[in-house]
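Subject: Structure handover

Hi there,

Here is the structure I said I would pass on to you. Have a look at it first, and then read my notes below.

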Amino acid sequence: MYRNEDEHRGIQASAALPQAVSGGGNGRGNGAGNGTGPTARTGPDLGPLLVGLQLTDSAFPSGFYTLSHSLEGFAHAGAVDSGSLPSLLRDLLHGVGPADATALALAHRATAEGDLDAVAGVDAHLFATKLGREMRQASTRTGRQLLDLAAEVFDRPPITAYFDRVRRHGAPGTQAVAAGVIYAATGVPVRQAVACDLFAFCASFAGAALRLRLTDHRRAQSLLRGAAPVIERVAEEALRRELADVGATVFASDVMSGRHERAEARLFAS
């Protein structure tokens, strides 16, 4: 199913090194590098970038570390190995795109417009499209934990208000919608927000692969870098969809999730 495929088929990418800004080689003379020159005062606000970095950090306790995104089911079935991990991740991303990534974008826009009723509508729609009980439970558990922590860390009214609605059972609180609310409330642009969450999904998948001994730390980094072009494509497609488009499935993943749900021994919650 996902065995013996070329590890980098279709997802090769090159990384460009940023050029350094220097002032005579040591940063003196024009103030570069010491926080006093014009470069210290120009450019976009770094606040949204720092929020994205914090939320996608594997140390952020959102609960993503408890999920394998059906990878453990594939591993138990012997249906994936180190060589086929990139192909499986690529296919899962194309399933996440029309579902969670699109819902995140819609929730972000509705939050920015101050319409939490619309956010709840996206939330309910996304929840209804998740076929397996395990996936639904994983999404709402991580979503509520994300809202709970973000309400404290970022202290923004839309986050607190939506978390209160979720606690009152006025919305399911799926992870993607929770992330959309948080990113919008903290000023992260919607395009960056979608890309951040897709990267967090990939990082979680890579972490699960490490714990399942399907890869090592060096190849896990190659796996993440190889997924970058897919993340870009999936993010751009998600930004163009409407609510009626939300929903997708990767049938093999749903099957493995169902098997995993009934397994006697499990390392991950999904």
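The notes that follow go from the overall fold to the core, the cavities and a few single residues.

Before the details, please keep in mind that this is a predicted model, in which local features need pLDDT of at least 70 and side-chain atom pairs count only at pLDDT 80 or more, while totals for chains, interfaces and linings use all residues. Residues are numbered from 1 along each chain as its sequence is written, and side-chain values use heavy atoms, with hydrogens and water left out.

**Overall fold**

The protein has ten helices and zero strands, where helices (H or I, at least four residues) and strands (E, at least two) are DSSP runs numbered from the N terminus. Read from the N terminus, the order of elements is α-α-α-α-α-α-α-α-α-α. Of the 270 residues in the protein, 47% are buried; buried means under 20% relative accessible area, exposed means over 50%, and partly exposed is in between, with a 1.4 Å probe and protein chains only. Among contacts (heavy atoms within 4.5 Å) with a separation of 6 or more, 82% are between residues 24 or more positions apart.

**The core**

A nonpolar core here is a set of buried Ala, Val, Leu, Ile, Met, Phe, Trp, Tyr and Cys residues joined through side-chain atoms within 4.5 Å. The largest one has 69 residues, and those with the most contacts inside it are Leu 71, Leu 93, Ile 159, Tyr 162, Val 194 and Leu 198. Helix 3 (residues 85-112) gives the most to this core, with 14 residues. Leaving out neighbours within four places in sequence, Leu 93 is in contact with Leu 198, Phe 201, Cys 202, Ala 227, Val 230, Ile 231 and Val 234.

Helix 3, helix 5, helix 8 and helix 10 (251-261) each give two or more residues to the lining of the largest cavity, and helix 3 gives the most, with seven. That lining divides into 15 nonpolar, eleven polar and four charged residues; Ala, Val, Leu, Ile, Met, Phe, Trp, Tyr, Cys and Pro count as nonpolar, Asp, Glu, Lys and Arg as charged, and the others, Gly among them, as polar.

Phe 201 deserves a separate look. This residue is in helix 8 and is buried, with a relative accessible area of 10%. Not counting residues up to four places away in sequence, Phe 201 touches Phe 64, His 69, Leu 89, Leu 92, Leu 93 and Val 96. Phe 201 and Val 96 are 105 residues apart along the chain, and their C-alpha atoms are separated by 9.0 Å.

**Helix 5**

The 21 residues of helix 5 (residues 133-153) should span 30 Å at 1.5 Å a residue, and the end C-alpha atoms are 30 Å apart, which agrees; the expected span is 1.5 Å times one less than the number of residues. Its buried residues include Glu 134, Ser 139, Thr 140 and Thr 142. Just after helix 5, Asp 155 takes a positive phi of about 50°.

Most residues other than glycine have a negative phi. Ser 70, although not a glycine, has a positive phi of about 80°. It lies in the loop between helix 1 (47-56) and helix 2 (71-76) and is buried, with a relative accessible area of 1%. Arg 213, also not a glycine, has a positive phi of about 60°. Arg 213 is in the loop between helix 8 and helix 9, and is exposed, with a relative accessible area of 76%.

Thr 215 sits in the loop between helix 8 (190-211) and helix 9 (217-238), and is buried at 12% relative accessible area. Within helix 9, Gly 226 is buried, with a relative accessible area of 7%.

Best wishes
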